[in-house]
Amino acid sequence: MPTLVRGRNEDARRAGFTLLELLVVLVIAGILLGAVAINAMPDDRQWLQSEAQRIALLLQMARDEAIVRNQPVAFEVDDYRYRFLIRQDSQWQALTDDPVWREREFNRAPVQLSLSPAASKRLPLRISFGHEPVDKAFLLILGLGEEHVSVQADGLGNFQVQ
């Protein structure tokens, strides 16, 4: 009978984890979470690429909006934010009737900007879309540090990020 009691105690000790085993598992889990967190944070190039894609899609929508409304729509950008405007009563007014057109701030400001061909070298830069389906071609370059990404429009409604 004493052997049965001793056997049960040994089984009970073997069924659990030691403190060292738990610490090893926690260290491995911490290393994996750290690696995932580092990879989840986009670098400057990835952030610029994502922001340029968003701007290209919004520019395409703004062009379509100008055609549908039969009113000029403009994209205005400076090194901290961008927004959309509509021409009403010979004045530019911010488009606020839809959350799509809300003013957006750059998460990593200031962003270096250039527009070619440029109507002005001063900020904010403005790109206007008329009610005609054909507009002027342009190249909008966004930069952050050493990284640069461009949004190119061909004037026919095609916007590409390079």
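This is a predicted model: local features need pLDDT of at least 70, side-chain atom pairs count only at pLDDT 80 or more; totals for chains, interfaces and linings use all residues.

Reader: How many aromatic pairs does the structure hold?

Author: The structure holds seven aromatic pairs. To read one, look at the distance between ring centres and the angle between planes. Take F75 and Y82: their ring centres are 5.6 Å apart and their planes meet at 50 degrees, so this pair is tilted. Both F75 and Y82 are buried.

Reader: What kind of pair do F84 and W101 form?

Author: Planes over 60 degrees apart count as edge-to-face. The planes of F84 and W101 are at 70 degrees, with the ring centres 5.0 Å apart, so this pair is edge-to-face. The pair links distant parts of the chain: F84 sits in strand β2, while W101 is in the loop between β3 and β4, 17 residues apart.

Reader: Why does F84 count as buried?

Author: Buried means under 20% relative accessible area. F84 has 0% relative accessibility, so F84 counts as buried. W101, at 4%, is buried as well.

Reader: Which residues do ring pairs link into a cluster?

Author: The cluster is made of W47, F75, Y82, F84, W101 and F106.

Reader: Now for charges: which side chain of opposite charge is nearest to R104?

Author: That is E51, 6.5 Å away. A salt bridge needs the charged atoms within 4 Å. R104 is buried yet has no salt bridge. Its side chain does have a polar atom 2.9 Å from the backbone oxygen of V100, and the backbone oxygen of R102 lies 3.4 Å from a polar atom of that side chain.

Definitions and conventions:
Residues are numbered from 1 along each chain as its sequence is written. Side-chain values use heavy atoms; hydrogens and water are left out. Buried means under 20% relative accessible area, exposed over 50%, partly exposed in between (1.4 Å probe, protein chains only). Lys and Arg count as positive and Asp and Glu as negative; His and the chain ends are not counted. A polar contact is a pair of N or O atoms within 3.5 Å; within protein, one must be able to donate a hydrogen and the other to accept it, and residues adjacent in sequence count only if both atoms are side-chain atoms. Rings of Phe, Tyr and Trp (its six-membered ring) pair if their centres lie within 6.5 Å; planes under 30 degrees apart count as stacked, over 60 as edge-to-face and the rest as tilted. Helices (H or I, at least four residues) and strands (E, at least two) are DSSP runs, numbered from the N terminus.
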